Amino acid sequence: MKCKRCRKAAAAVDLPSHHSAFCPDCFFLFFRRQVSEGIRKLRLLSPDDRVLVCVSGGKDSLVLWDMLMELGYRTEGLHIDLGIEGYSDRSREKVLAYAGARGKEPIVVDLRSEGVPIPDAAKHARKEECSVCGTVKRYFFNRVAAQRGFTAVATGHNLDDEAARLLGNLLHWDRDHLSRQHPLLPEGPEGLVRKVKPLWRVSEMETAAYGFLKGIDYVTEECPMSRDATSLVYKEALSVIEEKMPGTRRNFYQGFLRQDREVIGSLGVPAGDEEAIRGEDGPEREAAHGAAAVPAAAFAGACISCGAPAYTETCSYCRLKERVIKT
Ligand SMILES: [Zn+2]
Ligand SMILES: [Zn+2]
């Protein structure tokens with residue numbers, strides 16, 4: 001099959017959801033345009049931004065970093081070493097190799113030296129491993145960004161990730177999380193740095209194809225602790241539908257973004273309170289896990305232990321760390 005754009009070279013990437021197939025060069029153009037349009041449409045980043053890119057060593061985050069550098073943004077990489085034997089060492093190596101080849105030195109946070117390696121933290125928390133890991137990562141993304149003067153934190157979540165998360169939130173009618181699911185979470189008053197997901201328009205397959213064709217060397221194994229993650233079930237379900245009806249995943253997620261404002265309105269959250277409900281560890285979640293429920297008006301203070309933005313007196317990271325250290 002010939003490339004549908006240049007009609008000369010052989011097509012290397014088949015994109016049924018776009019009714020298209022591209023040769024490598026035309027695919028690079030397509031991919032770059034999808035990402036830059038995704039940034040422009042939702043005003044995720046401006047040329048003045050200093051962007052902290054969270055790089056795990058997997059394909060999505062390394063492709064994100066690659067793309068943001070190509071688009072001319074000022075970026076630095078942040079790698080969180082999760083302290084998972086073997087897997088974390090291999091992930092860190094990939095990040096250092098990628099960065100080194102581009103004259104960059106990523107910032108590395110080692111959770112073992114912080115006293116909260118994920119395997120230990122997960123044992124002491126009453127939450128799914130991935131959720132514990134999410135809490136710890138978000139904490140350091142924001143802390144490093146705030147301390148070092150970055151204006152935005154970028155993560156490599158792609159369309160498949162966001163659509164799966166949307167499906168999960170809808171299946172459980174998780175209004176709290178639905179109202180905070182967006183590729184852009186603006187900065188908050190208490191040292192919350194803006195969070196963006198510039199890959200929200202590209203699929204996992206497109207991201208993998210881009211990484212492969214660009215020769216980016218990434219960790220291909222999945223995190224050994226995420227095997228039972230519920231998010232994988234939602235992803236699989238959407239893949240079954242996508243295969244029969246190409247384009248459904250994109251329509252599902254983009255339709256949500258178009259409705260987003262209305263959805264937030266219909267959930268009975270007054271516009272002025274949006275600031276209060278943003279972030280990822282909202283009050284409902286905290287309450288569900290045993291901490292005292294706090295009224296909306298009490299959020300966005302500083303953690304009494306570390307000074308980070310918190311919804312309760314002590315932030316969820318510090319409470320987790322205390323449990324790990326105590327036992
Ligand atoms: Zn072509
Ligand atoms: Zn804290």
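Visitor: What makes Cys26 count as buried?

Guide: In this predicted model, Cys26 has a relative accessible area of 4%, and because buried means under 20% (exposed is over 50%, partly exposed in between, with a 1.4 Å probe and protein chains only), Cys26 is buried. Cys23, at 5%, is buried too. Local features here need pLDDT of at least 70, and side-chain atom pairs count only at pLDDT 80 or more. Residues are numbered from 1 along each chain as its sequence is written, and side-chain values use heavy atoms, without hydrogens and water.

Visitor: Why is the site of the zinc ion (ligand 1) called tetrahedral?

Guide: The protein donors, meaning N, O and S atoms within 2.8 Å of the metal (3.2 Å for Na, K and Ca), are the SG atoms of Cys3, Cys6, Cys23 and Cys26, lying 2.3 to 2.4 Å from the zinc ion. Four donors count as tetrahedral if all angles lie between 85 and 135 degrees; the angles here are 99 to 117 degrees, and the site is tetrahedral. For four tetrahedral donors the ideal angle is 109.5 degrees.

Visitor: How do you know that the span of helix α2 agrees with its number of residues?

Guide: Helices are DSSP runs (H or I, at least four residues), and the expected span is 1.5 Å times one less than the number of residues. For the 12 residues of α2 (59–70) that gives 16 Å, and the end C-alpha atoms are 16 Å apart, which agrees.

Visitor: What makes α2 mostly covered?

Guide: Of its 12 residues, 10 are buried, among them Leu62, Trp65 and Met67.

Key. Chains are lettered from A and ligands numbered from 1 in the order in which they are written. Four donors count as tetrahedral if all angles lie between 85 and 135 degrees; four count as square planar and six as octahedral if opposite donors are over 155 degrees apart and all others between 65 and 115; anything else is irregular. Helices (H or I, at least four residues) and strands (E, at least two) are DSSP runs, numbered from the N terminus.
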